[in-house]
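Subject: Structure handover

Hello,

Here is the structure I promised to pass on. Please open it beside this email and follow along.

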Amino acid sequence: MKIMIASDIHGSAYYLRQLLDQYHAEQPDKMLLLGDLLYHGPRNDLPDGYAPKEVVELLNGMKEDILCVRGNCDTDVDQMVLEFPILADYCILYEQGHMIFATHGHIHNTACPPMLKAGDILLHGHTHIPAAEAFGGSYYLNPGSVSIPKEGSSHSYLILEDGIFTWKNLSGTAYRKFDIRQEESCIQE
């Protein structure tokens, strides 16, 4: 199965359209959204193309293809306009014998991790910074932000296919890989 993973759209129809262009080019089986879909939050500036109603329309148009977890900026009111579930705190996927604990990152993160076994993956957004790093025998991965990247990172997303996570910018250019089948040399820039 091929999954596109993205986080922190924060109401930007402008960047969501770019992500959806890549979605159509990549043709994944599902899109996993790691929260913060509509609202920019009090600590962030408005992203380019801030238009939450357009984001709702675009996402609802592909609701059958979306898996989603709740971000700290997502509310019950957002669920009232979105036609797919967004209020789960996490979801669990399995890939190549490894558990992937997918969440937003404001509750479960490397400082407060869920129960993980060696080699399992904590996947979250929230920081707006792409990451692939080992911690406590497990791995932490972050796709970065679609609309408000931080620390000089690109507007980005992940593709998971055949045990390989690939970070890509919104033009579709790959810039990092993580192969969960190669535990010692899995993080490549």
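Is Glu-26 buried or exposed? Glu-26 is buried, because its relative accessible area is 11%, and the cut-off for buried is under 20%. Keep in mind that this is a predicted model.

**Salt bridges**

Side chains of opposite charge can pair when their charged atoms come close. There are six salt bridges in the structure. Start with Lys-2 and Glu-26. Their closest N and O atoms are 3.3 Å apart. This pair joins distant parts of the chain. Lys-2 is in strand E1 (residues 2-6), while Glu-26 is in helix H1 (residues 13-26). They are 24 residues apart. Lys-2 has a relative accessible area of 15%, so Lys-2 is buried.

Glu-26 also forms a salt bridge with Lys-168. Here the closest N and O atoms are 2.7 Å apart. Lys-168 belongs to strand E10 (residues 164-169) and Glu-26 to helix H1, so this pair ties together parts that are 142 residues apart in sequence. Both Lys-168 and Glu-26 are buried. Together, Lys-2, Glu-26 and Lys-168 are linked in a network of salt bridges.

Another salt bridge runs between Arg-70 and Asp-76. The closest N and O atoms of this pair are 3.7 Å apart. Arg-70 is partly exposed, because its relative accessibility is 24%. Asp-76 is partly exposed too, at 48% relative accessibility.

**Aromatic rings**

A pair of aromatic rings is described by the distance of the centres and the angle of the planes. Rings count as a pair if their centres lie within 6.5 Å. By this rule there are four aromatic pairs. Why is the pair of Tyr-14 and Tyr-15 edge-to-face? The ring centres are 4.7 Å apart and the planes stand at 75°, so Tyr-14 and Tyr-15 form an edge-to-face pair; the cut-off for that label is over 60 degrees. Tyr-14 is partly exposed, with a relative accessible area of 43%. Tyr-15 is buried, with a relative accessible area of 9%.

Now look at Tyr-90 and Phe-101. Their ring centres are 4.7 Å apart and their planes are at 20°, so this pair is stacked. Tyr-90 sits in strand E4 (residues 90-95) and Phe-101 in strand E5 (residues 98-103), so the pair ties together parts that are eleven residues apart in sequence. Tyr-90 is partly exposed at 42% relative accessibility. Phe-101 is buried at 6% relative accessibility.

Elsewhere, ring pairs join Tyr-139, Phe-165 and Phe-178 into a cluster. A charge also sits over a ring: Arg-176 lies over the face of Trp-167, at 5.7 Å from the ring centre.

In soluble globular proteins, nonpolar side chains tend to be buried together. The largest nonpolar core here has 27 residues. Which members touch the most others? They are Leu-19, Met-31, Leu-33, Leu-37, Leu-59, Leu-82 and Phe-84. Several elements give two or more residues to this core, including E1, H1, strand E2 (30-33) and helix H2 (52-60). H1 gives the most, with six residues.

Val-81 lies in helix H3 (residues 76-81). Val-81 is partly exposed, with a relative accessible area of 41%.

**Backbone points**

Most residues other than glycine have a negative phi, and most peptide bonds are trans. His-10 has a positive phi, near 50°. You will find His-10 in the loop between E1 and H1. His-10 is buried, at 1% relative accessibility. Asp-36 has a positive phi too, near 60°. Asp-36 lies in the loop between E2 and H2. At 2% relative accessibility, Asp-36 is buried.

Last, turn to Pro-52 in helix H2. Pro-52 is partly exposed, with a relative accessible area of 24%. How far apart are the C-alpha atoms of Pro-52 and His-40? They are separated by 9.4 Å, with the two residues twelve apart along the chain.

Best wishes

Methods: Residues numbered from 1 in each chain as written. Predicted model: local features only at pLDDT ≥ 70, side-chain atom pairs only at ≥ 80, totals over all residues. Heavy atoms only, no water. Phe/Tyr/Trp six-rings, centres within 6.5 Å; stacked < 30°, edge-to-face > 60°. Buried < 20%, exposed > 50% of the residue type's maximum accessible area, 1.4 Å probe, protein only. Helix = DSSP H or I, 4+ residues; strand = E, 2+ residues; numbered from the N terminus. Lys NZ or Arg CZ within 6 Å of the ring centre and 35° of its normal. Salt bridge = Lys/Arg side-chain N within 4 Å of Asp/Glu carboxyl O. Core = buried A, V, L, I, M, F, W, Y, C linked by side-chain atoms within 4.5 Å.
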